[in-house]
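Subject: Structure for you to look at

Hello,

Here is the structure I promised to pass on. Please open it alongside this note; my findings follow below.

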Amino acid sequence: MIEPLPLNDCHLLDQNLADLNQKLGSCLLAYSTHSDQVGILFNNINAKINSFRSSISDGEEGKQKERSETFLGKELPALAREVARVEAVRVYAETALKLDSLVGDIEDAVSFSVNKNIRKPTSAQNSTEGVHFAAINALKLAENVLATVSKTRPQWSRLISAVDHRVDRALAILRPQTIADYRSLLTSLNWPPPLSTLNPSNSEQKTSSESTNPLFTMHGDLKKQYCDGFVALCKLQELQTQRKSRQLQGHDGQFTFTLHQPLWAIEELVNPISIASQRHFAKWVDKPELIFALVYKITRDYVDSMDELLQPLVDEAMLSGYSCREEWISAMVTSLSTYMAKELFPVYINQLDDENRSQAKVFWLHFIDLMISFDKKVKTLVAQSGITLSVDEDDNMQKISSLSVFCDRPDWLDLWAEIELSDAIDKLTPEIEDEKKWSTEVKESALVLGSEAYRSPAISSAFLRRLSSIIERCKSIPSVQLRSRFIKLAGAPIIHRFLDFLLLKCQEAEGLTALTDDDALIKVTKSINGSHYFESVLKEWCEEVFFLEMGLDGEYNSGGIIDEEIRKLETFRTEWVEKLSKVVFRGFDAASHEYIKNKKQWTEKTEEGWAVSKSFIGALDYFQAKMSILETNLNKIDFVAVWRSLASAIDFLFFNGIFMSNAKFNDAGVERLDNDMMVLFGVFKSWCLRPEGFFPKLSEGLKLLKMEDKQIRGGLEGSERWIAMNMIRHLTVTEVERILKSRVYSN
């Protein structure tokens, strides 16, 4: 026997029927009005055509032709425009009626859904999802029509706006109602599961998810109702995305990222878990490792159900671009980040202002370590599904990183960088004060291949290890711009500090003995070696993708993020290599002063038993002793720069002091000078195969002095052709003439 409806329900049904009859009458009246208007327009068109026919059939041939031309030239285009206008009116009327009917269906479905929930009959849950699907299908049909109209008839903007307004009002009721029904289903499933089954201290032991996960244990009608509710919510979100996409067309892609929102159904799963978890978090402020362990365990234990149960439902709803696994992980991480930003970080920052600041700094760094470790585990969970997140897309990385809290609070990032820098300096201080670190050379290092060739002091490796540690921690920050900022605040000052200590060591050595002492020279070579090694490591790092990304960032378009620091290291090294060259050259100049100024020796007989001039021996001894120290202690690359610089300086010194001094050279003097220069060249032969090439003026000057009398006649006339024929490339015509005039022949 059928149970009679209550009086209240009968009244509601009567009211709905009256509303529907009224709407139907309005639609019929509107359709009748539009039909009458269209009929009148067609009657006018028929009248004009009939008039045209009668005008052609009457009158003479000339007048008929004239009337025909007038009709074709003026009246026919006007008639065509009128027909087009009538057609547009007809299409507009049909579209408006169709949209009005669809929106009416939407409003009826939404109204019916609300009334069902107000009455709450025993079978309401079974029919609610059907009502939701009916409303969503009507919304889908209306959206398809609106999308077509917006593309083909953009001038109908008022019609589109009016329909959007009514649809938005319906959605404002439908979405909360759909979410409320979905939450009711979750409550029926006993979601969230009791957290007492999860032991954060035992996070590595994974319990059977089938026995504790309500998504796996549900069955029968309850499972069907949940799946229908999940699909309805996904379809509603897909519809909302399509509407936003249509409404944002023509904005040149400004809102591309706003279209992708978190999956609503997954958010509703995470929110109750997050609320339940926070009751435990409040007890673990001083033990944040338990917080991260619990969140990771929940995320890991329920992630499989996202793939196995919910992902097929998302595909069924045709919600493109969403992975349930990724959305679940992202929602869990976001809830953790939100809690940390509101509850944990303010507490830890306040602790930094207390008297025990050093202990608070240690705790802060420990907390950052936990965040980095948590993020690595989360990325492993994401990777297990085969999903590859591009490191170039910061938005994707921020969704699964607890460090994304710094993206909203860059002032906290500055504080972290300050603490990180302070900790690095504290750890470096004992090594800086250890003199052995400045004298002991680095053996083979993993930081750069062939590091032993730089002969760098151990202190440079100590600074690089600290800098490398900061960079590794910085890599976890999910934003290129913030990584750049962190490197500038925490990494660059370490490079500057290292450079300051190198400069201080060099200035101390220079201030004591003006680098004339061998020990002072060795100290400077150690600093140069350290600078060159540090510079080489930084240049290798700058070739990695991590640094290249930051170099392409808008703020550093002109170069890499640490290019300025590398340039400063290069400048320091170049300046002090040049100083070493100048110090050795000044000593050599002083030791060879008597030898250069003695002009008479070039016209005297050669000293018997001496292969080199006595006055030149002291200068050669000094030069060899200093170069031996530099060769032993300075790295090979910078040592090459030193001896090449010295060769150029000595070439200039001897050429101007001897060849351009107006001294006279007889055969014995030429032989003496040639022997002396061969000995000098022999010193440089240890570092190159053809040392004469590094003394171009001396070599060509000797070549001129050793020429026979007959050969130099063209040269005395200053012939450029003669100079070119004799392969003289580094001397001017004037210099050649002076050298040739200084030659005295025995005949």
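A crossing of two helices is called right-handed if the near helix is turned clockwise from the far one by less than a right angle, and left-handed if anticlockwise. Keep that in mind for the helix pair below. Also note that this is a predicted model.

The helix pair

Two packed helices are described by the angle between their axes and the distance between the axes. Take α22, residues 614-633, and α23, residues 636-659. They pack at an angle of about 160 degrees. Their axes are 11 Å apart. Angles over 145 degrees count as roughly antiparallel, so α22 is roughly antiparallel to α23. The crossing of α22 with α23 is right-handed.

Which residues make the contact? From α22 come Phe-616, Phe-623, Met-627, Leu-630 and Glu-631. From α23 come Phe-639, Val-642, Trp-643, Leu-646, Ile-650 and Phe-654. By type, 10 residues of this contact are nonpolar, none is polar and one is charged.

The loop between α4 and α5

This loop joins α4 (157-188) to α5 (209-212), and Pro-192 lies in it. The peptide bond from Trp-191 to Pro-192 is cis. Its omega is near 5 degrees. Asn-190 lies in the loop between α4 and α5 too. Phi of Asn-190 is positive, near 60 degrees, and Asn-190 is not a glycine. Is Asn-190 buried or exposed? Asn-190 counts as exposed because its relative accessibility is 60%, and the cut-off for exposed is over 50%.

The loop between α17 and α18

Leu-515 sits between α17 (480-513) and α18. Leu-515 is another non-glycine residue with a positive phi, near 65 degrees. Leu-515 has a relative accessible area of 2%. Buried means under 20%, so Leu-515 is buried.

The loop between α18 and α19

Glu-543 is in the loop that runs between α18 (518-541) and α19 (545-551). At 64% relative accessibility, Glu-543 counts as exposed. How far apart are the C-alpha atoms of Glu-543 and Gly-560? They are separated by 9.6 Å. Along the chain, Glu-543 and Gly-560 are 17 residues apart.

Where to look

For the helix pair, go to α22 and α23. For the cis peptide bond, go to Trp-191 and Pro-192. For positive phi, go to Asn-190 and Leu-515.

Best wishes

How values were computed:
Residues are numbered from 1 along each chain as its sequence is written. This is a predicted model: local features need pLDDT of at least 70, side-chain atom pairs count only at pLDDT 80 or more; totals for chains, interfaces and linings use all residues. Side-chain values use heavy atoms; hydrogens and water are left out. Helices (H or I, at least four residues) and strands (E, at least two) are DSSP runs, numbered from the N terminus. Buried means under 20% relative accessible area, exposed over 50%, partly exposed in between (1.4 Å probe, protein chains only). Axes are lines fitted to C-alpha atoms, for helices over the stretch in contact, and angles run from 0 to 180 degrees between N-to-C directions. Angles under 35 degrees count as roughly parallel, over 145 as roughly antiparallel, 65 to 115 as roughly perpendicular and the rest as oblique. Contact means heavy atoms within 4.5 Å. Ala, Val, Leu, Ile, Met, Phe, Trp, Tyr, Cys and Pro count as nonpolar, Asp, Glu, Lys and Arg as charged, and the others, Gly among them, as polar.
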